[in-house]
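User: I've got a model open here and want to know what the numbers behind it rest on. Can we go through them?

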Amino acid sequence: MAFNIPHVGVLLLACLVCSVCNSSSSGTNRRQPNIVVLVADDWGFTDVGAFGSEIATPNLDALAHRGAKFSNFHVAATCSPTRAMLLTGVDSHRNGVGNMPETTPASQEGKPGYGGVLNNNVVTLATMLRDKGYHTYIAGKWHLGKNPGELPGSRGFEKSFIQADSGSDNWENRTYMLLYDKAYWFEQDQEASPPKDFYSSQFFVDKTLDYLAADAKDAKPFFAYIGFQANHIPLQAPREFIDKYRGKYADGWTALRQARRDRAAALGLVPSGTMLADLRSTQDWGQLSPAQQREQAQHMEVYAGMAQAMDFHVGRLVAHLKASGQYENTVFVFLSDNGSDPANPLKIALSKAWLTMNYVTHGEGLGAKGTFSANGPSWASATNSPFSGYKYFASEGGLRVPLIIAGLPGMAQGQTTGALTHVNDLVPTLLDAAGVAPHGGTYQGKPVERTTGHSLLPLLMGRTDRVYGPEEPLGYELAGSAALFKGDYKLVKNIAPLGDGQWHLYDLSVDPGETRDLKDIQLERFNRMSEDYAKYAQDNGVLPVPEGFELESTAHRYAFWHYAVPKMKTALPWILLALALVVTGIVGLRRRTRALVP
C-alpha cells in the first residue's frame, strides 16, 4: 500500500498535538508544586545556622543551600498580624488584625480593622489553593480567632489541629500564663486536646504526616502550613537537645551578639562593620555573679535546644517527602513571625506569683515538663544580632527575620538576596508558583481586599534584583510603633520603653543596626517619607494609641477583662453565698456572746 507522505506528516503532527494536550490535561496536578510553609515563633535573625547561628539547624540550612536566603525580609513585630498577612497578602489593618487582641487599647477595640481576627473582606491563600484543587492542611499555632467562623475550616483549610491563642505549654495541655484561662486547642474546628504525652514540634509534624498519608493515593497537590510554638515562651525542649549546648553560652549575651554579627557579615547577610546599637535593656554580663551567669546561660541553652528540636522535626517531614518522591516537586517557605521576644514574665510580680505556683522556674532541669524558662531582653538582643530592638517594636530586631524559599523549578541554588521584601509578598509568590491567578479584588462575585505585595519569582529567577522600586513606599504600624521603608531608607518610631516616641531616619544599606540617625542631615528626605507614612496610615485606617500607652499594662487589662471578670461572674453566686454564711455566722456569734454577758 502506498502512503501519501504529506498526509502522513499531518497525521503525525495531529498525534503529537493530541499527546501534548492529553499530557497537559492529565498532568496539571503533577506540575502544580506542593507547598510547605514553616512558621517559627519568635526566632531572631541569626537563629538559623545559615544566617550565622551557633545553633545546629542542618535541615533548614539544607533548604537555604537548595534555594534562597533573604537578608532584608520584614514582618510585623508580633505574631497574629504577621500570620494574618502571611495568609492573605493584605495589610494587617485591612485584614482585621491591626493589633493583637492581647495588646489592643480600649480606644481601638471594635473599630474597623481592629477585631483581632481575620475579617470577612479577605480571602486566604488556603482558600484560593483549595479552590484550585489543592489539599490544604494546618497544624500548630493559629492565633487568628477561636469562635465559630474564625477557625481554619472557615478559612480554606480541609484538615486542622491548631492551638488558638498566642501560645501554650509545649509538654502539657495547659496555658502558659495569666492571659488565658486554659489552652484552647481545636481539631477540625471542634475543641480538642493534644495527646497526654506530646511535645509541640513533634506533634505538629506528626499531624502533618498523618494528613499527607491519608491523601497519599490521589494525585492532588497539597498546601501544608505548620505553625511551630518554638521558640515562644515557655522555652521547653527535650533534654537531649538542651544538653548539646551545655556551657556554650558561658561568655554571655554581648559576646554572642558580636560573634553572630561577625558571622552574618562573613556570610554576606549584612555589611561588614555593621555597628551594634547600645540597648539600655541589655545587662552588663560582667556585673553578674558566677551563679547568676550560670542561671542566665541555662535559659539560652534551653532556647537553643528548642530551636534544634524544631529543626529536627522539620527534617522528619523532609525525609518523608523524599521517601515518597514528593520532595523535588515541593516548594518550601521558612520564616519567623517576628524577632526574638524580650518578655520575661518572671520579672512581673503578678505573673511571677502565678508562675511559681504552677511551674518550676529555676534549676538545672529547665526545659523539662513542668518548667518555665524565658530569655528576656539581654539574650533577645543577641539572637536578633546585629539589629536593634526585638519583638513588639518597629526596630529591625522586631521586624527583620530570616526567610528561606526553596524548591521553585528553575531557581538558582544557594542564593542570597538583600532586596527589600515583605510578608505580604508571599501570597502572590506562592500563587504565582502554583499557577493560580490572583483574585484582583473580587472573589466568587464578592468584593474583597486586594493583595498588596509583589511576587518574588522574578527576583528568584534572576530577572530583577529588586522587588520594590526606589521610590515605592512600604508602610507599617503596630501598637504605636511604626515605620516606612523607601529604597534603602527607613523612617521609624518606637514607643516606650524601647523608644522615645519620636521619628528617626536610617540608611539600612550601610546601617542596618540603626545607630546613626539621619533626620537632621537629610531633612528633605525625612519630610517626604513622613508624608508617605501619613498617607499609608490614612489609606489603611491606622488608629493612634492613647497617650502613655504601654504594652505590658494593656496585656494585664486584657487578662483581667477577658478571663478574670468572666470567672468572677461565674463564681459570683458562690461568693455571695459564702459572704452570707460568714455574715450569718458573725451575727449569730455576736448574739450568743451578748446572751452570755450578765
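User: How much space lies in the second largest pocket?

Analyst: About 420 Å³. This is a predicted model, where local features need pLDDT of at least 70, side-chain atom pairs count only at pLDDT 80 or more, and totals for chains, interfaces and linings use all residues. Residues are numbered from 1 along each chain as its sequence is written, and side-chain values use heavy atoms, with hydrogens and water left out.

User: What makes a space a pocket, and which residues line this one closest to its centre?

Analyst: On a 1 Å grid over the protein atoms alone, a pocket is an open set of points where a 1.4 Å probe fits, with protein on both sides within 12 Å along at least five of seven lines; lining residues have an atom within 4 Å of a point. The volume is the space filled by probe spheres set on the points, which are joined across faces, edges and corners. There are 19 lining residues, and the closest to the centre are Glu295, Gln296, His299, Asn344 and Lys347.

User: Which helix gives the most to that lining?

Analyst: α10, with four residues. Helices here are DSSP runs (H or I, at least four residues) numbered from the N terminus, and α10 spans 290–323.

User: How much of the chain is buried?

Analyst: 56% of the 598 residues, buried meaning under 20% relative accessible area with a 1.4 Å probe and protein chains only.

Key. Helices (H or I, at least four residues) and strands (E, at least two) are DSSP runs, numbered from the N terminus. Buried means under 20% relative accessible area, exposed over 50%, partly exposed in between (1.4 Å probe, protein chains only).
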